[in-house]
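Me: I would like to learn how to read the features of a model like this one, step by step. Where should we begin?

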Amino acid sequence: MELQLEHLTKQYGSLIAVDNLNTTLTCGIYGLLGANGSGKTTLMRLICDIQSPTAGSICYDGLDIQTAGERYRNQLGYLPQDFGYYPDFSAYKFLMYMSAIKGLSKTFARERSLQLLDEVDLLQVKDKKIKTFSGGMKQRLGIAQAMLNDPRILILDEPTAGLDPKERVRFRNLISSFSHNKIVLLSTHIVSDVEYIAGHILMMKKGQFIHEGKPDKIIHRIDGKVWECQVPNEEVPTLREHYTISNLRSENNMTILRIIHDSQPLESAIPAAPNLEDLYLYYFSEEGKKI
């Protein structure tokens, strides 16, 4: 199974949201990282055939998705950033409604809806109205509706935004459990949400992939650019103005800093092993701080 992007471009007037992307996705979880406005959502909408490219193509197993039409969309599961639901519907009624929209038979829809409600831990509240659900419960219902047709391609746009840490962990585990023999594309700007589950990272900036590869490979791009040092507390505000600081921890009257910078920021700074969050901050921190 392959999803191939060839010279994929989407332009709105003079704005190029997706700029000549080329890559091939196979089975596995892909983390799509980028700041707001980097083109992530536009890319996902193109993959879902919600929007048409200005140039280039997307092919699923060698067939252009625009030619495949409904045959391709039947293989898709999509959880958009703004997940729409009917607040007065129960969870079960909502999944049955979405099953009808997807053209699933009523018999299959009943069985599949109950199975998914159980898997996302909502079976015990299946008859409660969605408006009574917490944010995490709504997102779990969102992933259930995306999985109704047992898709081979699962697209998730910022699925953990606004969730507390416990719900984010639960949601990540849920995605992992659903990912077997599927292409899963998970868009987020929360690095830890992909650090643990994604086998491949696509880092996007200004409509282009600036890095792609396995997490442990691409983080080496910033070897020698991450530093740790200890400074008096009163020096921290000045340092924060001039450097990208990924972490700080106070101990007595001193602060231990983790600084991302092209060269040694202070004489006392020693090199540190980079991680995925450091890589993200190196490319998406305020311009000028990493120069």
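Me: How much space lies in the largest pocket, and which elements each supply at least two residues of its lining?

Reply: The space in the largest pocket comes to about 480 Å³. At least two lining residues are supplied by each of helix H3 (70-73), strand S6 (76-79) and helix H4 (91-101). Sorted by class, the lining of this pocket holds ten nonpolar, five polar and three charged residues.

Me: How many cavities of 30 Å³ or more does the count give?

Reply: A cavity differs from a pocket in that the probe fits but cannot get out. The count comes to one cavity of 30 Å³ or more, and the largest cavity has a volume of about 30 Å³. Its lining is made up of Pro53, Ser57, Ile58, Asp64, Ile65 and Gln66, with strand S4 (55-60) and helix H2 (65-68) as the elements that give two or more residues to it. By class, the lining of the largest cavity has three nonpolar, two polar and one charged residues.

Me: What is the average pLDDT of the chain, and where does pLDDT stay under 50?

Reply: The general idea is that where pLDDT is low, the predicted coordinates should not be read in detail. In this chain the average pLDDT is 92, and 98% of the residues score at least 70. Over residues 287-291, however, pLDDT stays under 50, and for these residues the model has 14 contacts beyond four places in sequence.

Me: How many helices and strands does the chain have, and what percentage of its residues count as buried?

Reply: The chain has eleven helices and 14 strands, and its C-alpha trace spans about 70 × 45 × 35 Å along the principal axes. Of its 291 residues, 51% count as buried. If we consider the contacts in the chain with a separation of 6 or more, residues 24 or more positions apart account for 68% of them.

Me: What should helix H6 span at 1.5 Å a residue, and which elements cover its buried residues?

Reply: The expected span of a helix is 1.5 Å times one less than its number of residues. Helix H6 (residues 135-146) has twelve residues and should therefore span 16 Å, and this agrees with the 17 Å between its end C-alpha atoms. H6 is mostly covered, with eleven of its twelve residues buried; among them are Gly136, Met137, Lys138, Arg140 and Ala146. The cover over the buried residues of H6 includes S6, H4, helix H5 (106-119), strand S7 (153-157) and helix H7 (165-178).

Me: Is Asp193 buried or exposed, and which residues does Asp193 touch?

Reply: The cut-off to apply is that buried means under 20% relative accessible area. Asp193 has 2% relative accessibility and therefore counts as buried. Asp193 has its place in helix H8 (residues 192-195), and, residues up to four places away in sequence not being counted, Asp193 touches Thr160, Arg168, Arg172, Leu186 and Thr188.

Me: Where is Leu32 found, and what is the relative accessible area of Leu32?

Reply: Leu32 is found in strand S3 (residues 28-33) and is buried, because its relative accessible area is 0%. Leaving out residues up to four places away in sequence, Leu32 touches several residues, including Lys40, Leu43, Met44, Leu186, Thr188 and Phe209. As for distance, Leu32 and Leu239 are 207 residues apart along the chain, and 31 Å separates their C-alpha atoms.

Me: What is the phi of Asp61, and what is the phi of Asp121?

Reply: Asp61 has a positive phi of about 50° although it is not a glycine. Asp61 has its place in the loop between S4 and strand S5 (63-64), and counts as partly exposed at 47% relative accessibility. Asp121, in turn, is a residue other than glycine with a positive phi near 60°. Asp121 has its place in the loop between H5 and H6, and is partly exposed with a relative accessible area of 37%.

Note on methods
Residues are numbered from 1 along each chain as its sequence is written. This is a predicted model: local features need pLDDT of at least 70, side-chain atom pairs count only at pLDDT 80 or more; totals for chains, interfaces and linings use all residues. Side-chain values use heavy atoms; hydrogens and water are left out. On a 1 Å grid over the protein atoms alone, a cavity is a set of points where a 1.4 Å probe fits but cannot get out, and a pocket is an open set with protein on both sides within 12 Å along at least five of seven lines; lining residues have an atom within 4 Å of a point. Grid points are joined across faces, edges and corners, and a volume is the space filled by probe spheres set on the points. Helices (H or I, at least four residues) and strands (E, at least two) are DSSP runs, numbered from the N terminus. Ala, Val, Leu, Ile, Met, Phe, Trp, Tyr, Cys and Pro count as nonpolar, Asp, Glu, Lys and Arg as charged, and the others, Gly among them, as polar. pLDDT is the predictor's confidence in each residue, from 0 to 100. Contact means heavy atoms within 4.5 Å. Buried means under 20% relative accessible area, exposed over 50%, partly exposed in between (1.4 Å probe, protein chains only).
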